[in-house]
Amino acid sequence: TYLILGDAFQTKGMYAKALDNYDESYKLALLIDNQKVLPLILNRVGIIYLNQGNYPEALRRFYASLKAAEVINNKTLSGAALNNIAIVHFHQGKFDEAEKDYRKRLEIAEQISDSSSMSVAYNGIGEVSLQKKDLVKAMENLAIAHKLAAEVNDQEMVLTVTLSQAETFYA
């Protein structure tokens, strides 16, 4: 219940209430030894800090989420944490680190045959390449991201990648 309430408050931008509920959810998960939900809670808390621009705290939560996901061998949640770590590094202008994080996420997505996550990773790599002024590499990665998103009929990602491609084209 606390997790759902946290999500509801986060969606409405009521971050303090969301954090309170995530904290309660985390405590409860520890109390009943529910290791499976810990990476999810930590990731969601990290997203709040990311949205607030508190990158050090966001990274701390995302790395904790990654570690918790690795403990339970949940590659999907590991990939989500890596993606969010990459986003923080991207926002900090640490493009080489962001690219490494996206590539790790891509590797995990390939291991579990998750085309949607592969598309997100390729898009991230393309965005990093654009920032590094490597337009050819950007377009190559964005083309792969677009193809994968279209194959799984992820229209939101197709639009995101298309916008990234246009940005790269006009750079």
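Let me start with Phe62, which, once its neighbours within four places in sequence are set aside, is in contact with Asn43, Gly46, Ile47, Leu50, Ala81, Asn84, Ile85 and Val88, where contact means heavy atoms within 4.5 Å. Before I go on, please keep in mind that this is a predicted model, in which local features need pLDDT of at least 70 and side-chain atom pairs count only at pLDDT 80 or more, while totals for chains, interfaces and linings use all residues. Residues are numbered from 1 along each chain as its sequence is written, and side-chain values use heavy atoms, with hydrogens and water left out.

By a nonpolar core I mean a set of buried Ala, Val, Leu, Ile, Met, Phe, Trp, Tyr and Cys residues joined through side-chain atoms within 4.5 Å; buried, in turn, means under 20% relative accessible area, exposed means over 50%, and partly exposed lies in between, with a 1.4 Å probe and protein chains only. The helices I name are DSSP runs of H or I with at least four residues, strands being runs of E with at least two, and they are numbered from the N terminus. As general background, nonpolar side chains tend to be buried together in soluble globular proteins.

Let me turn to how the helices pack. H2 and H3 pack at an angle of about 160 degrees, with their axes 10 Å apart, the axes being lines fitted to C-alpha atoms, for helices over the stretch in contact, and the angles running from 0 to 180 degrees between N-to-C directions. H2 and H3 are therefore roughly antiparallel to each other, given that angles under 35 degrees count as roughly parallel, over 145 as roughly antiparallel, 65 to 115 as roughly perpendicular and the rest as oblique. Their crossing is left-handed, a term used if the near helix is turned anticlockwise from the far one by less than a right angle, with right-handed used if clockwise. On the H2 side we find Tyr15, Ala18, Leu19, Tyr22, Ser25, Tyr26, Ala29 and Leu30, and these meet Leu38, Ile41, Leu42, Arg44, Val45, Ile48, Tyr49 and Asn51 in H3. Sorted by class, the contact of H2 with H3 has 13 nonpolar, two polar and one charged residues, where Ala, Val, Leu, Ile, Met, Phe, Trp, Tyr, Cys and Pro count as nonpolar, Asp, Glu, Lys and Arg as charged, and the others, Gly among them, as polar.

H3 also packs against H5, and here the axes come within 10 Å and cross at roughly 15 degrees, which makes H3 roughly parallel to H5. H3 passes H5 in a left-handed crossing, and the contact is made by Pro39, Leu40, Asn43, Ile47 and Leu50 of H3 together with Leu77, Ala80, Ala81, Asn84, Ile87, Val88 and His91 of H5. By class, the contact of H3 with H5 has nine nonpolar, three polar and no charged residues.

Now to the loops. Asp33, in the loop between H2 and H3, has a phi near 55 degrees, a positive value in a residue other than glycine, and Asp33 is exposed, with a relative accessible area of 54%. Asn153 sits in the loop between helix H8 (135-151) and helix H9 (155-169), its phi is near 55 degrees and thus positive in a residue other than glycine, and at 56% relative accessibility Asn153 counts as exposed. For context, most residues other than glycine have a negative phi.

I will finish with some buried residues. Asn21, in helix H2, is buried, with a relative accessible area of 10%, and, neighbours within four places in sequence aside, Asn21 is in contact with Tyr2, Leu5, Gly6 and Phe9. Met157 lies in helix H9 and is buried, with a relative accessible area of 10%; not counting residues up to four places away in sequence, Met157 touches Ser119, Val120, Asn123 and Ala149.
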